[in-house]
Amino acid sequence: MRAVITVVGKDMVGILAKVSTICAENDVNIIEVTQSILQDMFCMIMMADVSECKLPFAEFSDKLAALGENNGLQIHVMNEDIFNSMHRI
């Protein structure tokens, strides 16, 4: 199963490192990353393979959301199938 991870917030050093560390600790493979900085806002979208994740999907999502809250970021994790369904016209 794949998931879409989005991160938005004020730019600071180490955002990508913190998110990817949690992924690595839980055997989540980051497949693709795109990121940009718009003025002082950091925006990132990751595609990740969560099929080998050590945690249940909801716990993994909550862990990243907590990271976001602790760092002034919005981090969302969504199953790729749900993401695609939401964005289908």
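Colleague: What makes Asn79 buried?

Modeller: Asn79 has a relative accessible area of 15%, and buried means under 20%, exposed over 50% and partly exposed in between, with a 1.4 Å probe and protein chains only; Asn79 is therefore buried. This is a predicted model, in which local features need pLDDT of at least 70 and side-chain atom pairs count only at pLDDT 80 or more, while totals for chains, interfaces and linings use all residues. Residues are numbered from 1 along each chain as its sequence is written, and side-chain values use heavy atoms, with hydrogens and water left out.

Colleague: Where is Asn79 placed, and with which residues is Asn79 in contact?

Modeller: Asn79 belongs to strand β4 (residues 73-79); strands (E, at least two residues) and helices (H or I, at least four) are DSSP runs, numbered from the N terminus. Leaving aside neighbours within four places in sequence, Asn79 is in contact, meaning heavy atoms within 4.5 Å, with Met1, Arg2, Ala3 and Phe57.

Colleague: Why is Phe57 called partly exposed?

Modeller: The relative accessible area of Phe57 is 27%, so Phe57 falls in the partly exposed class. Phe57 lies in helix α2 and touches Met1, Ala3, Val50, Val77, Met78 and Asn79, not counting residues up to four places away in sequence.

Colleague: Why are α1 and α2 called roughly antiparallel?

Modeller: The axes of helix α1 (residues 15-25) and helix α2 (residues 57-70) cross at roughly 155 degrees and come within 11 Å. Axes are lines fitted to C-alpha atoms, for helices over the stretch in contact, and angles run from 0 to 180 degrees between N-to-C directions. Angles under 35 degrees count as roughly parallel, over 145 as roughly antiparallel, 65 to 115 as roughly perpendicular and the rest as oblique; α1 and α2 are therefore roughly antiparallel to each other.

Colleague: Which residues make the contact of α1 and α2?

Modeller: Lys18, Val19, Ile22 and Cys23 of α1 meet Phe60, Lys63, Leu64 and Leu67 of α2.

Colleague: How do you know that Asp40 forms a salt bridge with Lys10?

Modeller: A salt bridge is a side-chain nitrogen of Lys or Arg within 4 Å of a carboxyl oxygen of Asp or Glu. The closest N and O atoms of Asp40 and Lys10 are 2.9 Å apart, and by this rule the count comes to one salt bridge.

Colleague: What parts does the pair tie together?

Modeller: Asp40 lies in the loop between β2 (29-38) and β3 (41-49) and Lys10 in strand β1 (residues 2-10), so the pair ties together parts that are 30 residues apart in sequence.
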